[in-house]
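Good morning, everyone. Please have a look at the structure on the screen, and then I will take you through a few of its parts.

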Amino acid sequence: MPAAPPAPTDAPVLPATVAWAAAAFGDRPAFVDPDGSVLTYAQLHRRSDEVAAGLARRGIGPGAVVALTLPSVSAWVVAYVAAAKVGAATAGVNPRLTAVERAACLDRVEPSVELATPDDVEALDIRGATPDALDPDLDRPVAVVFTSGTTGIPKGAWFTDRQLDAITGYDVGHAVGSSSRLIPQYGSTQFAHVGFTTKLPWYLRMGTTTHLLARWRAGDVLDLVARERIETLGGVAPQVALLLRDPDFDRRDLSNVRLIVMGGAASPPALVQEARRRFEAAYSIRWSSTESGGVGTGTAPDAPDDEALHTVGRPRPGIGIQVRGDDGLPLPHGEVGSVWIRSEASMSGYWRNPEATAEALVDGWLRTGDLGSVDATACLTLAGRQGEMFIRGGYNVFPSEVSGVLAGHPGVADVVVIPKPDDVLGEVGVAVVVPTRPDAPPTLDDLRDHARASLAHHKLPEGLLLVDEIPLTAMQKVDRRRLSALVEAPPETI
């Protein structure tokens, strides 16, 4: 196997990693498209060279932005690598966004070219051509990743070679894969998500084979996991809940699964326990954000229940976490405040948004916007997002804290707490619940009785809305705007 890819001082990270992986893994499948067609590591290097030459012929180079609005197929990866080879930044726009949302993202980055279909990528291909060598520049933009947009128009967090290399180091400590062992995985999120865009060099260094889905469906994922003997399940917590609810779950041989790694949304204790039991696998919760480059904290797969069920774990080596008060000073253990993170992986800023950048990045620290507390063992427990906290009769209520307790009720498959205006108390909490048994759902009194031992009276929910599923955004985050609308005019309440 060739030596490990050079550090970014020697060559741009993504092009250098692709060249190294082509030599290391050759004809091993790197990506398998939904139609079964294969893109090998060698083909990824060659085709990205040819598309890069086409971009250069169009005048695309350093300072330019290439927008990718096409689906998450292998052509997306070819275009991303090609843009990096000519020094352009790639802005991935989730194709599941509405036309208005996509337009807002494109207006933010003002791309030099937009590639909306695999044919658009193919049209750039100049057979046999290679781009000119690119001078290394640690601070040249490589990727723009849009935030989830759960509370407004997405912002574009941008990353450089310096951050992509740091992200790879945090994930694998610069380890590389074995030339003899296949590591199958599946695409759990859109490529425009931070979990793919910033971590592609890591996947390539590990020699993974990524199986892509036309659309994420629980049954299709479980069939793929069983067929390809996939050992690690990745994604966001709502996807685990859907996997467990698949009617044919217990008919499949899923004994190959060893580890479940979930981030992006809360993993309720009951969900973690059920997933560990039914998959007979370890469960690791990951917490991060788009702005942090997708790295942050994690629970150890063999962690005791106090950590595994009720926290998001400890920061990875080299990453700093602080919980600060409104005055910006660190708070004592156990007190809830704003969560700040410091690492070499954090974004350079928000694209063309200096005001938001100055608000988020302060003296080398990233203000995440999450609320939480850190205990004496350095484990972080989240309490929601800033702006989600509501005040009931003069007392602060953190919806995530309440949801975490309610999720332990056996009749609750999933739950989110949403504030609702109240003429007397200002705001009260409404529990939006997906019942375990739709024919016998829990009542509001059931939930309040369950939570009394863990929550003060003012935190108990004062309304209940039953739903078939919790609505998610295109980035698989809880869609609080839709939930607020449902709570304001619910179709059925108890």
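Let me start with a definition: a crossing is left-handed if the near helix is turned anticlockwise from the far one by less than a right angle, and right-handed if clockwise. What we have is a predicted model, in which local features need pLDDT of at least 70 and side-chain atom pairs count only at pLDDT 80 or more, while totals for chains, interfaces and linings use all residues. Residues are numbered from 1 along each chain as its sequence is written, and side-chain values use heavy atoms, with hydrogens and water left out.

Helix 1 passes helix 2 in a left-handed crossing, where helices are DSSP runs of H or I with at least four residues, and strands are runs of E with at least two, numbered from the N terminus. The contact (heavy atoms within 4.5 Å) includes Val-18 and Phe-25 of helix 1, and Leu-44 and His-45 of helix 2.

Helix 2 also lies across strand 1, strand 2 and strand 9, running at about 80° to strand 2. Strand 1 and strand 2 pair in the antiparallel sense over 3 bridges, pairing being called when DSSP finds at least two bridges between two strands. Within this pair, Val-32 has Val-38 of strand 2 as its bridge partner.

Notes:
Axes are lines fitted to C-alpha atoms, for helices over the stretch in contact, and angles run from 0 to 180 degrees between N-to-C directions.
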